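Reader: I have a model open on my screen and I'd like to learn how to read it, feature by feature. Could you walk me through it?

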Amino acid sequence: MEHVDVAVVGGGPAGSAAAHAAAETGASALVFEKGVPRADRDHLGPDSTDAAGILDYWVDIMGIHPDEFPDGILLSELDRATFVGPTESCVLRSTGIDSSYDAFGYTFDRAAFDDWLRERAEGAGADYRVGVSVRDVETTLDGDPRHTLALASGETVGADFLVLADGPQRTVTNRVLDRYLPVPVTDHLGTTTANHIAYQEHRRLPEAVADDLRGAITFWWGYIPGHTAYPWIFPNDDNVARIGLTMPIGLDLSSVENRADYALLRPEDDTVPSGGEYLRRLLEREYGDAYDVPEDFPLVEDRGKSNGTETYPISSTRPVDSPVEAGIAVVGGAMGTTSAFHEGGDHVAVRTGAIAGELAGRGDLSSYNERWKDAIGDEILRNVTMADMVRDYGPDDWDDIFRTGRKMLADESGYRMFEQKFSAGWDAAKLLLRYRWNKYRHRDFVSIHESEYVY
């Protein structure tokens, strides 16, 4: 049986970062990636589905500056984020958080980024095997090997340390963690309850629309029902944009109050519209008076996963600790680090993977849970807090928050507006108090603690 120091299940950003970090310590690192076909890649690779945008301070969380990228990964620089409500809007031109990256952020080609991370890991000496599925992992705490990975081919591979990086689907992660918990892990990480679903299309924009949206990531809040459900447009290159949305899985429209207030719902809707239908309605609402949307916003069929479209899960739960005493680290989307506000997960995936890979490569994972909290804890707490604050928001609430946000941004930039004094009026004071109270309430944002694992 083949034996390696560090085995990594999943070859996306978290898995490739783990393998790279482990190999750099001199350890033998082996990545298993089942591989999926994509229209924008001529070989099998990770799923690589994501809106693929990075804010300025996320560059430092991720630990990789875009100056390191080869050509073809960075698609456009950003200078603002626009938040659109039913009648109010708010523009964020700075996150207000110190960063080594000068622009507001950037958008990038996720498939090309993942391929580069793989090449980077292989360049450091890691072995990356695509088209190989892991069925299960058996762990014997005092065994040699400690972990035995059972592959779909019937082969087995032994490893001293195991890094679980199989993303929000958690096909292997949930099976492994279940053995160390007194209650089913799906109580915390069930794919239908701990994830949202996202759908996006790659469309070429009319020149005037592309010029208007250039440099801006745009979000529409209060247009579709569901907790933290929203459409977006992310500009890419060559007048192409990702136009997509995220929404809860299994939302029952009969439970939605004031349905008529949601701009993208129709009286005849018996069930939640498909992602494609929601986006058609958005484009018609925003641009239908001036353009023939199907003709003037064509799909770019050689981009994305299939015919210019892609559907994918987004982890939308609080993160979990790892059973480090068993020599196991869970990283990236598998551990829930995309956060409950699904602000984007590549930066935290890369960072958690790199931490786990480094520690596993050095032969001691015991500090992993402490290290990842030090690295991304502020980011997770901020987003979990915001997500909880808006849990029951309807269209009118989003208008109120954007109206208040404009006043707050006049005094302070970006996220720092939540740290300012109560100088923007009573509505702002109430919002600040709610934010600070919720932040305090969620200061323990871990959904499974290290102490809950039973060995």
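Predicted model: local features only at pLDDT ≥ 70, side-chain atom pairs only at ≥ 80, totals over all residues.

Reader: Is H9 enclosed or open to the outside?

Author: Count the buried residues. In H9, 13 of the 16 residues are buried, so the helix is largely enclosed by the rest of the structure.

Reader: And what sits around its ends?

Author: Gly345 is in the loop between strand E19 (328-330) and H9. With a relative accessible area of 13%, Gly345 is buried. Gly345 is also 102 residues from Ser447 in sequence, with 18 Å between their C-alpha atoms. After H9 comes Gly363, which has a positive phi, near 90°.

Reader: How do I describe two helices packed together?

Author: You give the angle between their axes and the distance between the axes. Here, take H1 (residues 13-24) and H3 (residues 110-123): their axes come within 8 Å and cross at roughly 20°. Angles under 35 degrees count as roughly parallel, and H1 and H3 are therefore roughly parallel to each other. Their crossing is left-handed.

Reader: Now the aromatics. How should I read a pair of rings?

Author: A pair is described by the distance of the centres and the angle of the planes. Searching the whole structure turns up 23 aromatic pairs. One of them joins Tyr180 and Tyr455, a tilted pair at 5.7 Å centre to centre with 50° between the planes.

Reader: Which parts of the chain does that pair tie together?

Author: Tyr180 is in the loop between helix H4 (173-178) and helix H5 (186-189), while Tyr455 is in the segment after helix H12 (426-441), so the pair ties together parts that are 275 residues apart in sequence. As for burial, Tyr180 counts as buried at 9% relative accessibility, whereas Tyr455, at 36%, counts as partly exposed.

Reader: Can you show me another pair?

Author: Trp221 and Tyr230 form a tilted pair, 4.3 Å centre to centre and with 35° between the planes. Trp221 is buried, with a relative accessible area of 4%, and Tyr230 is buried at 7%. Both belong to one aromatic cluster, made up of Phe83, Phe219, Trp221, Tyr230, Trp232, Phe234, Tyr393, Trp398 and Phe402.

Reader: Where do charged ends sit over rings?

Author: Have a look at two arginines. Arg146 has its charged end over the ring of Phe161, 4.8 Å from the ring centre. Arg443 does likewise over the ring of Tyr440, with its charged end 3.9 Å from the centre.

Reader: Which residues other than glycine have a positive phi here?

Author: Arg170 is one, with a phi of about 55°. You'll find Arg170 in the loop between strand E13 (156-164) and H4, and it is buried, with a relative accessible area of 1%. Thr228 is another example, with phi near 45°. Thr228 lies in the loop between strand E15 (216-220) and strand E16 (230-235), and its relative accessible area of 2% makes it buried.

Reader: One last stop: is Tyr106 buried or exposed?

Author: Tyr106, in strand E9 (residues 105-108), counts as buried at 0% relative accessibility. Tyr106 and Val350 are 244 residues apart in sequence, and their C-alpha atoms are 16 Å apart in space.

Methods
Residues numbered from 1 in each chain as written. Heavy atoms only, no water. Buried < 20%, exposed > 50% of the residue type's maximum accessible area, 1.4 Å probe, protein only. Helix = DSSP H or I, 4+ residues; strand = E, 2+ residues; numbered from the N terminus. Phe/Tyr/Trp six-rings, centres within 6.5 Å; stacked < 30°, edge-to-face > 60°. Lys NZ or Arg CZ within 6 Å of the ring centre and 35° of its normal. Axes fitted to C-alpha atoms, helices over the stretch in contact; angles between N-to-C directions. Parallel < 35°, antiparallel > 145°, perpendicular 65-115°, else oblique. Left-handed = near helix turned anticlockwise from the far one by under 90°.
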